[in-house]
Amino acid sequence: MKSKNEQNTLLIASDSMMLNIVELRLTKHMNVKVRSFSGATIEDIYHYITPLLGKRPDFILLHLGTNDAKNSTSDRIYCKMVDPIY
């Protein structure tokens, strides 16, 4: 956690489901960065967030799997989320 004068940073990474989230409406107690990647699969999002992790966010919220749902079973989607090497 940061000192009293510094805000923590939350990174929200998602497919297009979070496209219309307005960062400024979420920043009262935390610095929020929303990054959405239209059409991205689980593997895509893991790849896309790698450079963002260099900024060392304090918290990360991933919204994953909606673009994988039509081509994978729920068990396979779960495994891809938990173990990106799967």
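Helices (H or I, at least four residues) and strands (E, at least two) are DSSP runs, numbered from the N terminus. By that rule, Gln 7 lies in the segment before S1.

1. **Basis.** This is a predicted model: local features need pLDDT of at least 70, side-chain atom pairs count only at pLDDT 80 or more, and totals for chains, interfaces and linings use all residues. Residues are numbered from 1 along each chain as its sequence is written, and side-chain values use heavy atoms, with hydrogens and water left out.

2. **Overall make-up.** The protein chain has 2 helices and 3 strands. Their order along the sequence is β-β-α-β-α. The C-alpha trace spans about 45 × 25 × 20 Å along its principal axes.

3. **Burial and surface.** Buried means under 20% relative accessible area, exposed means over 50%, and partly exposed is in between (1.4 Å probe, protein chains only). Of the 86 residues of the protein chain, 28% count as buried. The chain exposes about 6300 Å², and carbon and sulfur atoms supply 54% of that area. Accessible areas come from the Shrake-Rupley method with a 1.4 Å probe; for residues, only the protein chains shown count as cover.

4. **Contacts.** A contact means heavy atoms within 4.5 Å. Take the contacts between residues at least 6 apart in sequence: 45% of them join residues at least 24 apart.

5. **Charges.** The protein chain holds 11 positive and 9 negative charges, and their mean positions are 10 Å apart. Lys and Arg count as positive, Asp and Glu as negative; His and the chain ends are not counted. Each charge is placed at NZ of Lys, CZ of Arg, CG of Asp or CD of Glu.

6. **The sheet.** Two strands pair if DSSP finds at least two bridges between them. The 3 strands form an open sheet in the order S2-S1-S3, with parallel pairing. Strand S2 (31–36) and strand S3 (59–63) stand at the edges with a single partner strand each, so one side of each has no neighbour in the sheet. Neighbouring strands are turned by 15° against each other on average, direction ignored. Here axes are lines fitted to C-alpha atoms, for helices over the stretch in contact, and angles run from 0 to 180 degrees between N-to-C directions.

7. **Pairing of S1.** S1 covers residues 9–14 and pairs with S3 in the parallel sense over 5 bridges. Leu 11 stands opposite Ile 60 in S3, and Ile 12 has Leu 61 of S3 as its bridge partner. S1 and S2 also run parallel, joined by 6 bridges. Ala 13 is bridged to Arg 35 in S2.

8. How many of the 6 residues of S1 are buried? The count is 6 of the 6, so S1 is largely enclosed by the rest of the structure. In a regular strand the side chains alternate between the two faces of the sheet. In S1, Thr 9, Leu 11 and Ala 13 point one way, while Leu 10, Ile 12 and Ser 14 point the other way.

9. **The loop between S1 and S2.** Lys 28 sits in this loop. Its relative accessibility is 69%, so Lys 28 counts as exposed. Asn 20 lies in the loop between S1 and S2 too. Asn 20 is exposed, with a relative accessible area of 70%.

10. **Gln 7 as a reference point.** Gln 7 is partly exposed, at 39% relative accessible area. Its C-alpha atom is separated by 9.5 Å from that of Lys 28, 21 residues apart along the chain. Gln 7 and Lys 70 are 39 Å apart, C-alpha to C-alpha, and 63 residues apart in sequence.

11. **A backbone angle to check by eye.** Arg 56 is not a glycine, yet has a positive phi of about 55°. Arg 56 is placed in the loop between helix H1 (42–53) and S3. With 69% relative accessibility, Arg 56 counts as exposed.
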